Amino acid sequence: MADPDAHQQRMFAQYVLPEVEVLLRVAMSLTTQRADAEDLVQDTLLRAYRAVGRFDGRHPRAWLLTIMRHAEVSRRRQRRPRLLDDPDTELERLVPARDATPEELVVDTTFDEAVDAAFTALPLRDQQVVRLVHVDGLSYAEAAQVLDVPKGTVMSRLHRARKRIRNQLLDAGAESERGGA
């Protein structure tokens, strides 16, 4: 009889390991912090390894994203609120990456702030859809699987989110032309 551990390792290598990059991108969308994302992926991989013997081999990405969603829900339940953020990380973000003219710095900063404001004004569920589809490059079906909603819901949330961002950026542009913000 074949070694069950060897079979489990082969299945893990075949179905799980090719999806690690996707898992990390999705985890970054869900957690927004690299260390948390890596922890979430590790937790997902451990759960997948334990369950790979029961996996039927169909739709491994969907299977893994479901495991990740459940792991994230469990992690959120256990998580305690953070009392302090590291102020040094915010300072690093403000330092320009290249030599730029003062005008470029102001325009870049203003544009970044406008995009960030438009994005953060979205409801959390719409932010998640935008991150999963536009940042992580997931398909609508994959994003739907991660969020545990129908594909049509992902499509409508994404449409509304794009429209809200576009309108807010247009409003911000009109405001700055009038001498406002």
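**Entry 1: basis.** I worked from a predicted model, in which local features need pLDDT of at least 70 and side-chain atom pairs count only at pLDDT 80 or more, while totals for chains, interfaces and linings use all residues. Residues are numbered from 1 along each chain as its sequence is written, and side-chain values use heavy atoms, with hydrogens and water left out.

**Entry 2: elements.** I looked up the secondary structure, taking helices (H or I, at least four residues) and strands (E, at least two) as DSSP runs numbered from the N terminus. I found 9 helices and 0 strands in the protein. From the N terminus on, the order reads α-α-α-α-α-α-α-α-α.

**Entry 3: burial, surface and contacts.** I took buried as under 20% relative accessible area, exposed as over 50%, and partly exposed as in between (1.4 Å probe, protein chains only). The protein has 181 residues, and 32% of these are buried. I noted an accessible surface (Shrake-Rupley method, 1.4 Å probe) of about 12200 Å² for the protein, with 54% belonging to carbon and sulfur atoms. I then turned to contacts (heavy atoms within 4.5 Å). Of those in the protein between residues at least 6 apart in sequence, 63% join residues at least 24 apart.

**Entry 4: salt bridges.** I counted a salt bridge where a side-chain nitrogen of Lys or Arg lies within 4 Å of a carboxyl oxygen of Asp or Glu. The count by this rule is 9 salt bridges.

**Entry 5: Arg47 and Asp43.** I recorded a salt bridge between these two side chains, at 3.4 Å from N to O. Arg47 and Asp43 are 4 residues apart in helix α3 (residues 34-51), so about one helical turn separates them. Arg47 is partly exposed, at 28% relative accessibility.

**Entry 6: Asp56 and Arg58.** I found the closest N and O atoms of this salt bridge to be 3.9 Å apart. Asp56 and Arg58 are both exposed.

**Entry 7: Arg61 and Glu142.** I looked up which side chain meets that of Arg61 in a salt bridge at 2.4 Å, N to O, and it is that of Glu142. Because Arg61 lies in helix α4 (residues 60-78) and Glu142 in helix α8 (residues 140-147), the pair ties together parts that are 81 residues apart in sequence. Arg61 is partly exposed, with a relative accessible area of 26%, whereas Glu142 is buried, at 18%. I also noted that Glu19, Arg61 and Glu142 are joined into one network by salt bridges that share partners.
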